[in-house]
Amino acid sequence: MLDHGACVNAKTGEGCSALMLAARQGHARVAELLLDHGADADAMSVTGYSALKEAAWEGRLEAARVLLEHGAGVDARENGDDTALMLAAINGYDDVVNLLLAHGADVNTRGEGGDTALTAASEEGCVDVARILLDAGALVNVIDSFGYSPLMEASRGGHAELVKMLLEHDADVNARGRDGDSALMAAAWKGSAETVKLLLEHGADANARNDEGESALMGAAGKGSVETARLLLEHGADVNARNGKGESALERAFRRGHSDLARLLEERLAR
């Protein structure tokens, strides 16, 4: 069809070209043929996706390689949205991440929400990708538009192995989000005792409060995690603290029906 005059850059109603569709499906040889016939490597769809971003999102390594070798912009995007590197990172495609970095992708470019590739990888618990990004110079304490750091994102997901790695790369254990939340609070609300233990061992403040007066212990009480609460108490968490509405961790545990945790808190109050 190309030899008979077909328009190589024609698009669907959604603005997708044949090259974008080939990249999305991982048809590297088709993509190469289209590029050799003049396909625009950096054309964008209505949703702001280029062929390279399609390949990165789907983890299509060979298609991404062909595009880059034919001059596709490694950081090309529209309106400050996510780059190909961010899309590969959030999906855990370490081979595509390595390829993009080898072609000069900016490891610290921010997306529309202020997140970086490391923030995205941390949110999803992609340990291997996060390691690659950190080795490539990713900023470990970058804060997104919502006030979250990679450590907070990893803690919110209970991704203990990744939390450990970020702490070993000097992540700020007591950094605060936009609402005053800390990584420890996020881990406690998740009920991830392993993550809570790591954070406490690295100096997390067991009595930090967010803007609503919530502490990590209150979060553990709401979740019903006895092990998490015990760890916090062992590191000096204040069992008498009350949030902005006047509720204590014990009262919350009773209200939520977490009798074992309520018993633990009562025993601590009795001392």
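Helices here are DSSP runs of H or I with at least four residues, numbered from the N terminus. The model shown in these views is a predicted one.

View 1. The buried ones are Ala-216, Leu-217, Met-218, Gly-219, Ala-220, Ala-221 and Gly-222.

**View 2. The neighbours of α13.** Here we look at what the buried residues of α13 pack against: α11 (183–190), α14 (226–234), α15 (249–256) and α16 (259–269).

**View 3. The largest nonpolar core.** This core has 95 residues. Leu-100, Leu-133, Leu-199 and Leu-232 are the members that touch the most others. As a rule, nonpolar side chains in soluble globular proteins tend to be buried together.

**View 4. Zooming in on Leu-199.** Setting aside neighbours within four places in sequence, Leu-199 has contacts that include Leu-151, Val-163, Leu-167 and Val-173. Ala-183, Leu-184, Ala-187 and Ala-204 are also among them, and so is Ser-155.

**View 5. Ser-155, tucked into helix α9.** Ser-155 belongs to α9, which spans residues 150–156. Its relative accessible area is 0%, and under 20% counts as buried, so Ser-155 is buried. The Ser-155 side chain reaches the backbone oxygen of Leu-151 at 2.8 Å.

Note on methods. Residues are numbered from 1 along each chain as its sequence is written. This is a predicted model: local features need pLDDT of at least 70, side-chain atom pairs count only at pLDDT 80 or more; totals for chains, interfaces and linings use all residues. Side-chain values use heavy atoms; hydrogens and water are left out. A nonpolar core is a set of buried Ala, Val, Leu, Ile, Met, Phe, Trp, Tyr and Cys residues joined through side-chain atoms within 4.5 Å. Buried means under 20% relative accessible area, exposed over 50%, partly exposed in between (1.4 Å probe, protein chains only). Contact means heavy atoms within 4.5 Å. Helices (H or I, at least four residues) and strands (E, at least two) are DSSP runs, numbered from the N terminus. A polar contact is a pair of N or O atoms within 3.5 Å; within protein, one must be able to donate a hydrogen and the other to accept it, and residues adjacent in sequence count only if both atoms are side-chain atoms.
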